[in-house]
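Please read the following paragraphs with the sequence and the model open side by side.

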Amino acid sequence: MSARAEILAQVRRGVSLGAPAEIGIAATQRQPAALPRADLVARFMTQAAAGSATVARVATVGEVADAIAVYLETAGLPLQVFVSGKTEGFLQTPGHRLRIAEGPMRADGDTVVTDCLAAVAEEGVVVLCSGALHAPEKSFLAATHIVLVRAEQVVASLDALWPLLRSAGPLPRMINLIRGPSRTADLGVPSRVGAHGPLRVRIILVDGSQQ
Amino acid sequence: MQTDSAEFPRLAREALQRTTLQGALREVRRVMPAIRASAFRALPEYADLREQAKNIRNRTLAGLDQYLIEFERHVLAAGGEVHWARTAAEACKIVGGICGRAGARSVIKSKSMVTEEIELNAELEQRGLRVTETDLGEYIIQLRGERPSHILAPALHLSLAEVGATFEKAHDRQRTEPLITAEPMLVEAREELRAIFQAAEVGITGANFLVAETGGVVIVTNEGNADLVASLPGTHIVVTGIEKVVPTLEHAGVLLRLLARSAIGEPLSSYTTLVHGPRRARDTSGPSQFHVVLVDNGRSRLLGTPFQEILRCIRCAACLNHCPVYTAVGGHSYGSVYSGPMGAVLTPALAGIGATMHLPSASTLCGRCESVCPVAIPLPKLLRHWREHVFAQRTGLAIERRGLRLWRALAEHPWPYRVVLSLAAWCLRGISVPGPDGGRRRIRWIPFVGEGWTGARDLAAPDGATFQQRWRRRQRAQLS
């Protein structure tokens, strides 16, 4: 008998007859879907900050490039960024001061700007998917990860995220739920930032969906 | 599964003398219960979620074969491969074979308790592969040739100074000053591992959950190392126990909402990742090969037995962090990769109770573990089951069996019981001394069997009369 057949046979022998009835997922969330969008966005910003990301808010896509430039300058970082995902909107802003990097990322130290599929308010995470436009390792190899979130992308909870993922067609190879920078507690508590992934996560929340 | 659990008494005694370890465990006691409690105070629906989580795990186990088949179907449809391993040796052979066919020379790994359980690294190294752990704690103990001492924080038992010394010895660098603080150590580890990340041909991860509905593998980290391990090399292998499967994304969501809060007091960890198969046609990068190795290694044998409940475990380590025994002697004393209360139940189940009988006895059955378990595993009950097992099989310590026989003889005969216990109470009171400020009397020293207790603390002295004597006096007083 193959290993598969043997394991399945042993499993079937072990399980008791009469499986319990369908165990549904009762809505135990505090019904955040009823919250006005403004409150959802506010909650997301609070939770993201609690996860050690920093959050900036702009009114339109046109202001994104400047917001990124100001952030990098304040942090003493170069204005050169890699882009990954659907981020061309902000690149079309005339006169922006960013330099868009081409080619492969360096081993370490680069800044990457990505978009996201959604942002979950309850836990303060941004959701990124691999695909033709985004290679997930870019957001891990970079030292600084800047994420563009549109206000309408904020969902209340994980419960709201799963249907969104299902409706987006065949599932991508990798879906990342990212809460702040990379951390480790292996060198003592409180945990330290910059274990293998980014040292900084900057979320830029865009209020309007129009440019 | 190989263990050193038979050495528990000696290892525990030695652990109590180790100052660095005791310092680390003091920190665990000081910090971990508080942050978990604070996270769940902020979650009013905790009791509901816990009930759901327990039901989800039970339901999955009750239909485990169907869910495994459904999971396999989706992985295959996504272009991945699924392998089934009955034993540790079989699992190692499968992984070794995949690495060989991939022409691998260098393998990177993220933390996976199952790979420790099956001793995968030793097997791969024997085949001439270079294996590097990328989880920082695992990396540190790999450099030292040690076993993990906590299921989430493998290097918990080490001081920062010991880590610094380890890096100084292992990393080939010019140094102007010794490594003392955490920041430069972190930078150094990051730099050393970057090069290894980029060069490896195979990446091996574990799995926190397997989603049957989508064929997805859920991997949870704070460092993001698993994401690099699963993205950079050309082959990604997931090694997992068969009990990790959950039916749908929603079910995974319930468990995820409990996992990070139980483990580290956060709503979610830094990275919660779902992986579905190898790279797609439109992807610009990613592994071209994706393998899931489903490991049984004794798990299916637990189904239908009272020990089935331990298969609900989601490896959050809350029971370890709250256990008075674990936080006194640390994980290495257990002689197994799984330590603490869950380890004391799971290790005998996987490795056989013969070599591990000390573990279920190393407990006061205080019940804190069960009260903090997010999936409500009745750990004290399972520990007692193991003790009953050992006693029934007559494989335990002779002195325990004789002691219990003596107690039983006394308890079954009221008159000798009364006499012996009255005498004992009178003797204990006789050797007691007054308590502080005229409080209850205490016993500072009991020779031989009592030294284990009185060596570290006083024993409250009995009042001098047994319950039965006082009861009789009270009855007489009431009648008159």
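Is Asn225(B) buried or exposed? With a relative accessible area of 1%, Asn225(B) is buried, a word that here stands for under 20% relative accessible area, whereas exposed stands for over 50% and partly exposed for what lies in between, with a 1.4 Å probe and protein chains only. The model is a predicted one, in which local features need pLDDT of at least 70 and side-chain atom pairs count only at pLDDT 80 or more, while totals for chains, interfaces and linings use all residues. Residues are numbered from 1 along each chain as its sequence is written, chains are lettered from A and ligands numbered from 1 in the order in which they are written, and side-chain values use heavy atoms, with hydrogens and water left out.

Asn225(B) belongs to helix H11 of chain B, which covers residues 225-229; helices (H or I, at least four residues) and strands (E, at least two) are DSSP runs, numbered from the N terminus. When residues up to four places away in sequence are not counted, Asn225(B) touches His196(A) as well as Ser110(B), Lys111(B), Thr134(B), Asp135(B) and Phe197(B), where a contact means heavy atoms within 4.5 Å.

Another buried residue of chain B is Ser106(B), whose relative accessible area is 12% and which is found in strand E2, residues 106-109. Apart from neighbours within four places in sequence, Ser106(B) has contacts with Leu129(B) and Arg130(B), and also with Ala200(B), Glu201(B) and Val202(B). Arg18(B), by contrast, counts as partly exposed because its relative accessibility is 40%, and its place is in the loop between helix H1 (8-17) and helix H2 (19-41) of chain B. Between Arg18(B) and Leu156(B) there are 138 residues in sequence, yet their C-alpha atoms are 13 Å apart in space.

Turning to chain A, the secondary structure comes to six helices and twelve strands. Of the 211 residues in chain A, 53% are buried. If one takes the contacts in chain A between residues at least 6 apart in sequence, 74% of them join residues at least 24 apart. The accessible surface of this chain comes to about 8,800 Å², and 56% of that area belongs to carbon and sulfur atoms; such areas come from the Shrake-Rupley method with a 1.4 Å probe, and for residues only the protein chains shown count as cover.

Charged pairs come next. Side chains of opposite charge can pair when their charged atoms come close. How many salt bridges does a search of the whole structure find? Over all chains, the search finds 37, a salt bridge being a side-chain nitrogen of Lys or Arg within 4 Å of a carboxyl oxygen of Asp or Glu. In chain A, Glu122(A) forms a salt bridge with Arg43(A), and the closest N and O atoms are 3.7 Å apart. This pair links distant parts of the chain, since Glu122(A) is in the loop between strand E5 (118-120) and strand E6 (125-129), Arg43(A) is in helix H2 (residues 37-50), and the two are 79 residues apart. Glu122(A) is buried at a relative accessible area of 5%, whereas Arg43(A), at 29%, is partly exposed.

In chain B, the side chains of Glu90(B) and Arg86(B) meet in a salt bridge with an N to O distance of 2.8 Å; Glu90(B) counts as partly exposed at 22% relative accessibility, and Arg86(B) counts as partly exposed at 25%. Glu412(B) forms a salt bridge with Arg408(B), with 3.4 Å between the closest N and O atoms. Glu412(B) is partly exposed at 49%, while Arg408(B), at 55% relative accessibility, counts as exposed. Elsewhere, salt bridges that share partners join Glu117(B), Glu243(B), Arg299(B) and Arg315(B) into one network.

The surface of chain B also has patches, which are made of residues with over 30% relative accessible area and no salt bridge, nonpolar side chains (Val, Leu, Ile, Met, Phe, Trp, Tyr) being joined within 5 Å and like charges within 9 Å. Trp415(B), Val419(B) and Val420(B) form a nonpolar patch with about 300 Å² of accessible area together. Val420(B), in helix H20 (residues 414-430) of chain B, counts as partly exposed at 38% relative accessibility.
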